[in-house]
Amino acid sequence: MNKEQSGVLRAWEATVRKTQAAKKRANNIFGTISMANVADVDPEDDNDKSVGISGEAYFTEKILPNGDYYTGQWYDNFPNGQGKYLWTDGCMFLGEWHKGKTMGRGRFSWPSGAIYEGDFKSGYMDGTGIYTGPSGDTYKGQWLMNLKHGHGIKHYSNGDWYDGEWRRGLQEGHGKYQWKNENHYVGQWKNGVICSQGTFTWSNGNKYDGYWEDGMPKGNGKYQWPDGSFYVGNWSKDPDEQNGTYYPSESSMAANLEWDPKTVYNELADCKICPGERVSIMPSQKKLAIWYSTKGGDKVRRKSVDGRVSVGIERPFDKMNMWESDGDINDSGEVRRDLDCELLGVHHYDANPKFNLRLPLKAPKPGKRQGETICKGHKNYELMLNLQLGIRHSVGRPAPATALDLKASAFDPKEKIWTRFPPEGSKYTPPHQSCEFKWKDYCPVVFRTLRKLFEVDAADYMISICGNDALRELSSPGKSGSFFYLTDDDRYMIKTMKKSEVKVLLRMLSAYYNHVRSFENTLVIKYYGLHCVKLIGPTQRKVRFIIMGNLLRSEYIIHRRFDLKGSSLGRITEKPESEIKDTTILKDLDLNFIFKLQKAWFQEFCRQIDRDCEFLERVRTMDYSLLVGLHFKDISPNGELIPCGRRTPSELNEHCRWASIKLEANMPARVERTIRRPECELQLVGRHTGECYEVVMFFGIIDILQDYDITKKLEHAYKSIHYDPTSISAVDPKQYSKRFRDFIFKVFVEDT
């Protein structure tokens, strides 16, 4: 035996030893496992741990390249059926799989000792299940995408317990919370806090029955002692608002005239709601270190001694039979199979993944940070200083506290405040280095109340807009001619406005306020302030602007941005794929995805789209759009987007952050790739491919201030002569609303 042969033999023997040691470690952890409908495996054949027949699930035992271990049923390159998976960090899942996702009943355990046993759906704890934490916390009830959602009972390790309704991981709805000392509350909750109406009973028999706000009595309420005496009145932590009457019982000897309602607040301050334990990592965040083969499945599947094979990603195009039911029917009734021509495009379409399924989707190149910083010497530097001075003055100006119920006079378009800002300063304004200007606040009480309604902290608001960091001006004005500015923290966007847009907003302000107040999940853009700067001098120039929330501000990278209206005329970005950056705004005819939302979120989304469109129809506006931002969770090192369940360890982006999920932001979802036909460039919705990607979504309705005025009516009349009237953006608000909804409900679907 020569040296080369001897070296190969030694390497082979070392590999065998490592594999057997890994198997022994896995068996020690797993113990024995019984499987239904599993092919028999010859225990003497150490080289063949996977046995199967083409097209059928088979039993396998895999030690994966990164040290993970799987044993169970396997089909089409994925765990499928009953199986156990052990991650190297100690997490383990035992239960049902479907195409590489935990699906059905199962048990997930953490190295800390925490255990979840119950239903899974698409990798999430979803359905009914029991979670036991490492410190003894237990929850038994309903789940939705890893969050407690629905009815459930939670026992805390400190002895407290809660039995009631949950929403997105927090107590919300009706429920009972009992403390270890046997004090208990029965009533309404919101966002994990006692609110609205309910009854608190102390272990000594005292009881408060009434209204609550932020965990404390607020409003009408009755406090009762066991002997029957009681105090009834209006409750508030503010002594000036607190008032009521004490009524002694017939059995009590004398009235308790020295009793102070403040004692109730002091007692309640000690009754804290237990926050419970935090889950270190969610099951849906655990990735599978599995490999894939693009070879056909006609052979019995085997693995090498050390369990290693070449790594590749199988794409849906490799399985052409998935398209058989979708082919066109010819005159003889046969299904067409010429997919290369029909789906992949020809000539210049070959290089565009919108038309060519063979081309993998790639994450766009990261663009530079949006906007040009406005520094000294910039043409709009003084305007920025004026704006910041005005905002600081408006927000910082002392004002009485306002209730959410505003008087009609607050919405009067004539309700505005002018303030003069001379460079040397005045009684009400500071000295500054800019030119003299006048500042106008439109409906200041309304916008102050809107900021309160949207939970905007006044100090944070001023720091974002008026802090030491300059604003950034976007590179070019929008189609309307307006300029856009971003705050340094990307939290707020400032847009210059035409006089006609200001009139539309002031006209609809009362309806807008009532709408956003009534529907906290509204997708309509949030407005925080409406102002005007008037430069004093020969030009007398006026600049009106609105401050609004930036829908796509996120700790995640937004890889794709779409502005969707449901019309086709001019709704395409004339850029080659190579020039599209992550800041490029794509349009309807660029869209190559269907957005798939989980059932509960999809139903809420549809309801809210209907409400918002009905509101916009009532106020007679049109030309609005749905702005959608996508963050793709799994991207390979070469920039390719990795479809769901088709990932390898080296190609994973770790997502340890679990941000607050809302209808319009941080929404976990899937998108399905679609393909357009080259001969149908105006096709709004492409053909489904079955190729899905996990994303985090952000969306909201923007540009809601376009009135259907004479200009838009003339635009509609003119374009209708030259183009299909249904493809034109400028249509009557009622028709626009219907078309917008019809389109949105085609591209947003329930993920089944």
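How many helices and how many strands does the chain have? In this predicted model, the chain has 10 helices and 34 strands. Of its 752 residues, 48% count as buried. Among the contacts in the chain with a separation of 6 or more, 54% are accounted for by residues 24 or more positions apart.

Helix α4 spans residues 381-396 and helix α6 spans residues 458-466. The axes of α4 and α6 lie 9 Å apart, and the two helices pack at an angle of about 175°. An angle over 145 degrees counts as roughly antiparallel, and α4 and α6 are therefore roughly antiparallel to each other. On the side of α4, the contact is made by Leu 387, Gln 388, Ile 391, Arg 392, Val 395 and Gly 396. On the side of α6, Ala 458, Tyr 461, Met 462, Ile 465 and Cys 466 take part. By residue class, the contact of α4 with α6 divides into eight nonpolar, two polar and one charged.

Aromatic pairs were searched for over the whole structure, and the search finds 49 of them. One of these is formed by Tyr 208 and Trp 212. The ring centres of Tyr 208 and Trp 212 are 5.2 Å apart, with 85° between the planes, and the pair is edge-to-face. Tyr 208 has a relative accessibility of 0% and therefore counts as buried. Trp 212 is buried as well, with a relative accessible area of 5%.

Another aromatic pair is that of Phe 593 and Phe 632. The centres of these two rings are 5.7 Å apart and the planes stand at 50°, so the pair is tilted. Phe 593 belongs to strand β28 (residues 593-597), while Phe 632 belongs to strand β30 (residues 625-632). The pair therefore ties together parts that are 39 residues apart in sequence. Phe 593 is buried, with a relative accessible area of 3%, and Phe 632 counts as buried at 2% relative accessibility.

Cysteines were considered next. A disulfide is a covalent bond between the sulfur atoms of two cysteines. With a cut-off of 2.5 Å between cysteine sulfur atoms, the count of disulfides comes to zero. Cys 271 has a relative accessibility of 15%, and the value for Cys 274 is 16%. Buried means under 20% relative accessible area, so Cys 271 counts as buried, and so does Cys 274.

Positive phi values in residues other than glycine were also noted. For Asn 191, phi is near 55°, a positive value in a residue that is not glycine. Asn 191 lies in the loop between β12 (184-190) and β13 (193-201). At 48% relative accessibility, Asn 191 counts as partly exposed. Asp 490 is not a glycine either, and its phi is positive, at about 65°. The loop that holds Asp 490 runs between β22 (484-486) and β23 (492-497). With a relative accessible area of 24%, Asp 490 is partly exposed.

Conventions:
Residues numbered from 1 in each chain as written. Predicted model: local features only at pLDDT ≥ 70, side-chain atom pairs only at ≥ 80, totals over all residues. Heavy atoms only, no water. Buried < 20%, exposed > 50% of the residue type's maximum accessible area, 1.4 Å probe, protein only. Axes fitted to C-alpha atoms, helices over the stretch in contact; angles between N-to-C directions. Helix = DSSP H or I, 4+ residues; strand = E, 2+ residues; numbered from the N terminus. Parallel < 35°, antiparallel > 145°, perpendicular 65-115°, else oblique. Contact = heavy atoms within 4.5 Å. Nonpolar A, V, L, I, M, F, W, Y, C, P; charged D, E, K, R; others polar. Phe/Tyr/Trp six-rings, centres within 6.5 Å; stacked < 30°, edge-to-face > 60°.
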